[in-house]
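Subject: Structure handover

Hello,

Here is the structure I promised to pass on to you. Please open it alongside this email, and my notes follow below.

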Amino acid sequence: MQLSRAATGASLLSLCLILLLSSATDAHNITKILAQHPEFSTFNHYLTLTHLAPEINRRETITVCAVDNAGMAELLSKQLSIFAIKNVLSLHILLDYFGAKKLHQITNGTALAATMFQATGSAPGSAGFVNITDLKGGKVGFGAEDNDGTLDASYVKSVKEIPYNISVIQISKILPSPVAEAPTPGPAEQNLTALMTKKGCKIFADLLIASGALTTFQSNLVGGLTVFCPLDDPMKEFMPKYKNLTADGKIALLSYHGEPIYQSMDMLKSNNGLTNTLATEGAKYQFTVQNDGEVVTLKTKIVTAKVIGTVIDEDPLAIFTINKVLLPKELFKASLSPTPAPAPAPEADADSPKGEKATSAPEPFSPEGEPADQTADDKSGSVRSNGGRWVTVILGVWLGAYLLA
C-alpha cells in the first residue's frame, strides 16, 4: 500500500513538473521568431530599435502583422522620424489573437481590431484601429481605420502561431495611416514642466525649475525617463517640510521621483520590486514598485503612494501622477518616525502557578528596518511570486493524490 502511494505520488509530481515546464514555453520572443525568417529582418530590426519588441513579449494575447523587407523599404523611403516609424509599426500590432483559421471565420465577415498604437493614447478617435475583412476567394484584407476604410493590404501567410498567445502573420504591405505617420516630436523636444502643469502637477514642475533638478530629468530624456509626479494638493501639504530641506536635499527629493529608464504602465504592472531612481547612490534612494491587479503603488519605508493617472506614456518618456509625495528614508526617517513611547510593563499571568510574566510585546518598528509590507521578497518581483504559486499548486496536487491513493 505504501509503495503504491509513493509510486502514485511520484508519478503525479512528475506530471505536474512536466506541465510546469511546458507552461514556461508559452512565453514568446518576437525577435527570435522573426530571426528564423530573413525576409523580415528589417521589420525585426525596427521592432527592436523602437522598443516595441519588449512590449510584444510582455503581452499574453497579441498578433503581429509582419511586413517583408520590400514593404519596409517603402516605409523607410518616406524618411519618417524614428518616433513616427514606431507609431506606424504599433499599428501593425493587434491586441487580440488572429490565427489563420480565425481570420477566415470572422463574425459577419469583418472586425475592428485595437492596436498597440491605439493603446498609447496617441491615436485620436478610431485612428488606432485596423479593419480586418474576410473577402471572397479566401482573401483577407487589412486597412487602417483612419485611411478612409481602404483595405490597402492583404493576408499572405501565417508565420508562427502559439494559440492563443501570439500569432505572427505576414501582410502584403505597410498600412498607410495619416495619423501614425504625422510628425512626432523627439524626446529632447518635449517640455516636461508644461506637460506636468497641464495635468495638475504645477507645484512639482515649478520646484524642478527652481531647484535646478530639471537638468537631471532632461538629460535622461533620450535614453529613457519615467517620472512620478505628485499632484498639487499633496504637494501643498508637503511644502512646509520641503522648505526645511537643504538645497542638496531638495534636489535629492525631486530626483527621487524619476527613474532613469522608460517604464510603460504595462511594465510597471509586471516589473515588481526595488527600482533605482535619479537620486540613487548605491543602495540609497530606492523605492519598491508593487501592483495589485490594475493598481500600481510605490512604497518607500515611510509612505505608500498610488499611481492614479497618466500624463504621457510614449517611449522613451512616461509621466504618471501620484497621490502622495515619495519620502525617502535618507531624508525623513528622523522627523517622520519619532521614537514611540515605551510599552507598559507586562502583567503577571494569572493562570501561571509561578506568577510568571506574560510574553513582552514585540519591539516597535525601527526606521532603519523594513516595514511589515516591504520584505526582501520584493526584490524578486512578480517572477518569484508566480513561481511560488506554481510550487503551491504542484505540492497541493501531489499531496492530495498521495493521501487518496
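Let me start with helix H12 (residues 232–243): its twelve residues reach 16 Å from the first C-alpha to the last, close to the 16 Å expected at 1.5 Å a residue. That expected span is 1.5 Å times one less than the number of residues in the helix. Helices (H or I, at least four residues) and strands (E, at least two) are DSSP runs, numbered from the N terminus.

Before going further, please note that this is a predicted model, in which local features need pLDDT of at least 70 and side-chain atom pairs count only at pLDDT 80 or more, while totals for chains, interfaces and linings use all residues. Residues are numbered from 1 along each chain as its sequence is written, and side-chain values use heavy atoms, with hydrogens and water left out.

Back to H12, whose buried residues are Asp232, Pro234, Met235, Phe238, Met239 and Tyr242. Seen down the axis of H12, these buried residues fall within an arc of 160°, so they line one face of the helix; the arc is that of the directions from the helix axis to the C-beta atoms. On the face turned away from the buried side sit the exposed residues Asp233, Lys236, Glu237 and Pro240. Here buried means under 20% relative accessible area, exposed over 50%, and partly exposed in between (1.4 Å probe, protein chains only).

Next, the aromatic residues. A search of the whole structure finds seven aromatic pairs. Rings of Phe, Tyr and Trp (its six-membered ring) pair if their centres lie within 6.5 Å; planes under 30 degrees apart count as stacked, over 60 as edge-to-face and the rest as tilted. With ring centres 6.1 Å apart and planes at 70°, Tyr256 and Tyr285 form an edge-to-face pair. Tyr256 is in the loop between helix H13 (247–255) and strand E9 (258–259), and Tyr285 is in the loop between strand E10 (273–275) and strand E11 (287–292), so this pair links distant parts of the chain, 29 residues apart. Tyr256 counts as buried at 1% relative accessibility, and Tyr285 is buried with a relative accessible area of 11%.

Tyr256 also pairs edge-to-face with Phe287, at 5.6 Å centre to centre and 85° between the planes. Since Phe287 belongs to strand E11 and Tyr256 to the loop between H13 and E9, the pair ties together parts that are 31 residues apart in sequence. Phe287 counts as buried, at 0% relative accessibility. One aromatic cluster is formed by Phe228, Tyr256, Tyr285, Phe287 and Phe320.

Then there is the sheet. It is open, with seven strands in the order E2-E1-E7-E6-E5-E4-E3 and mixed pairing. Strands E2 (93–94) and E3 (110–114) stand at the edges with a single partner strand each, so one side of each is left without a neighbour in the sheet. Strand E1 (residues 62–66) pairs with E2 in the antiparallel sense over two bridges (two strands pair if DSSP finds at least two bridges between them). Val64 has Ile93 in E2 as its bridge partner.

Finally, Leu207 is found in helix H10 (residues 202–211) and counts as buried at 11% relative accessibility.

Best wishes
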